[in-house]
Amino acid sequence: MDFFNAQTRARRNSRLLVLWFALTVCAIILVIYLGVVLLYTYATITNPETGLLADLAQGGDVKSRFLNWEYLGWTTLLVGGTIAVASLWKIFQISRMGGALIARDLGGRLLARETAEIEERRLLNVVDEMSIAAGIPAPKVFVLDEEKSMNAFAAGMRPADSVVAVTRGLLDHCDRDQLQGVIGHEIGHIVSGDTRLNLRLIGVLYGILFLTVIGSRLLQNRASRGKNRGEGMLLGLLLLVVGSIGVFFGKIIKAAISREREYLADAFSVQFTRNPDGLAGALRMMSGFGTRIEHPQAEEASHMFFGEGMRRFSLFSGLFATHPPIEKRIARIENIPLEKVQESAPRARVKAAAQGGGSGFLDIGLDAPAQLVYAQAFLADLPAQEGRDVRTSKGALAAIYALLFAETDTPEIRKKQLAIIAAAHGAELAQNVQDCAAWLVERGPRSRLPLLDLALPVLGGFSDPEKQRCMQCANALVRLDGRLSPLELALAHILRNALELPRSTYHGGLRMERLATDVSCLLALLSSAGSPDDAAARAAYQHALTHTSFGDAPFPEKSTLSPEAIDAALDRLAQAMPRFRQNFLAACVAAVRHDGKITVAESELLRAFAQSLDCPAPPLLPDAP
């Protein structure tokens, strides 16, 4: 999957969504305006002197009476403002809480990393290995315990705050290959930016849905008195009907945007697992067990599920379907005619009904590609002792500090670092950091970012004071020796983003002059990381600039490559268009390849840059050059 093309397509779909939303809102305002005119201007329609029928009979100027600019202005302000405020509020909530908000709203339970249940351990293991192979931070995992059907979804505004949720039915009935296929599909949605668009869809459509809520409240309000009571109820009925029509068209928009993306996510899953039978098997199981979600708020998130989450009436099933038919998805995955899939469907339902739970959680597929095999081997080799398991809060802290602790080999510096950790968290954690650092040295530097990917989701669940203490301790560790390596700078930036702490911001807009300075700053840092002398670093830098539109940018002074400058540069580049970020990362690749070899420091710094820009960064394999 081309990540940046997928991001560009997601942005294009977002613009299309805004256009359809604007047209729908304009239509709603127009209908409500006409209803208000009829309700108040022609309250006595049959009045023989002033009513609408009298105007028609006498050849009066009906058109001018319908065009009431005051009514139109107030209707636009109130209705449009209500929809906009409701949508923006929902989008704000989602942006602040990420995909976890949707998972909890649907009755999801956050899966504890230290869970002892074998099916839940298997799920966490599969999510972790697919995340490492795809080069994204491991998402939080939720289980919808009350849902007995087989379904799943992913949600999040960014890879760093994404979640993956599965139903209890999926967890109980899928074997490991099938579970891996489903999780690969959901990771595909995260990588391609679909989860961000899905959450925006929820926010945008909520504003239209809010009109039906207001209409329902007006109809239910029995406290109205006087002659306006009937008019208030008619207005409530109008809002309810028009809002329902808006929701009707909103569902069509949601379905049209969603369907094609399911095929792309299926392709991503097969690409990473190299096991089409697992994904196709999961789909066949779903055709037997069903995919319907029973939660009352399921309709709001129906476009996010792995399979069709709602029961559709046959008259509108094709129009409202947010997913292609299961048979068509299987036919594409297995590259077989549709008729053969449909012929095998009844037998698959019988097999699904007779099949029990999945196999052991340590099963490993034999057909997995190299990156997935590497991820599985890495997970199998992780320390499991208490206090060192990266899936626990203490183990995640130990891993983060060990990543910074392992950067120096001076005994005096290490002793001071241990003292800082012990003062902040106690002597036990300091010892765990020392043990984890020794494990990292044994495993090699290629294990740094995969370990970071597993630790970040755990740290994201810390309280604000714990996050502040973690970041303060990390800053003290990297600054203790009086120098900051490029990788330390990048790791600190990724950690700050994951902890959602205040960062340096730039309010002047993304002007090209500012972006040129940012690009030259980061390329100079990367070129210096892989070149032993200044001349080689400058040559790599100039070669990298040929892949950008800033070919004449001078090599920045080292004094300008401060932690604050690196943070601000990465923050601004993360807001740039996908194509600009793609060109920047292509320039980074050119810089590290300039001398004909790629060092571990260069490759890991490149991965750190990519992750800071919310771009998947698969691990460098041990046998890579």
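**Cavities, a strand and a helix**

Mentor: The count comes to six cavities of 30 Å³ or more. Keep in mind that this is a predicted model.

Trainee: How much space lies in the largest cavity?

Mentor: About 130 Å³. The largest cavity is lined by 15 residues, and those closest to its centre are Pro137, Ala160, Gln611, Ser612 and Asp614.

Trainee: Which helix gives the most to the lining of the largest cavity?

Mentor: Helix α21 does, with three residues. α21 covers 486–498, and α26, at 600–612, also supplies at least two residues of that lining.

Trainee: And by class, what does the lining of the largest cavity have?

Mentor: Nine residues are nonpolar, four are polar and two are charged.

Trainee: OK, next one. What volume has the second largest cavity?

Mentor: The second largest cavity comes to about 90 Å³. Its lining has 12 residues, with Asn475, Leu489, Ala492, Arg496 and Pro563 closest to the centre.

Trainee: How many charged residues are in the lining of the second largest cavity?

Mentor: Four, along with six nonpolar and two polar residues.

Trainee: Changing topic: strand β3. Are its residues buried or exposed?

Mentor: Buried, on both faces of β3, residues 152–155. Ala152 and Ala154 are on one side, with Phe153 and Ala155 on the other.

Trainee: Which strand is joined to β3 by bridges?

Mentor: Strand β4, residues 163–167. Four bridges join the two, and they run antiparallel.

Trainee: What stands opposite phenylalanine 153 in β4?

Mentor: Alanine 165. Phe153 is also one of the buried residues of β3.

Trainee: Last one, helix α13. Which residues in α13 are buried?

Mentor: In α13, residues 326–334, the buried ones are Ile326, Arg329, Ile330, Ala331 and Ile333. Arg329 is worth a look on screen, as a charged residue that is listed among the buried ones.

How values were computed
Residues numbered from 1 in each chain as written. Predicted model: local features only at pLDDT ≥ 70, side-chain atom pairs only at ≥ 80, totals over all residues. Heavy atoms only, no water. 1 Å grid on protein atoms, 1.4 Å probe; cavity = no way out; pocket = protein on both sides within 12 Å on 5 of 7 lines; lining within 4 Å. Points joined across faces, edges and corners; volume = space filled by probe spheres on them. Buried < 20%, exposed > 50% of the residue type's maximum accessible area, 1.4 Å probe, protein only. Pairing = 2+ DSSP bridges.
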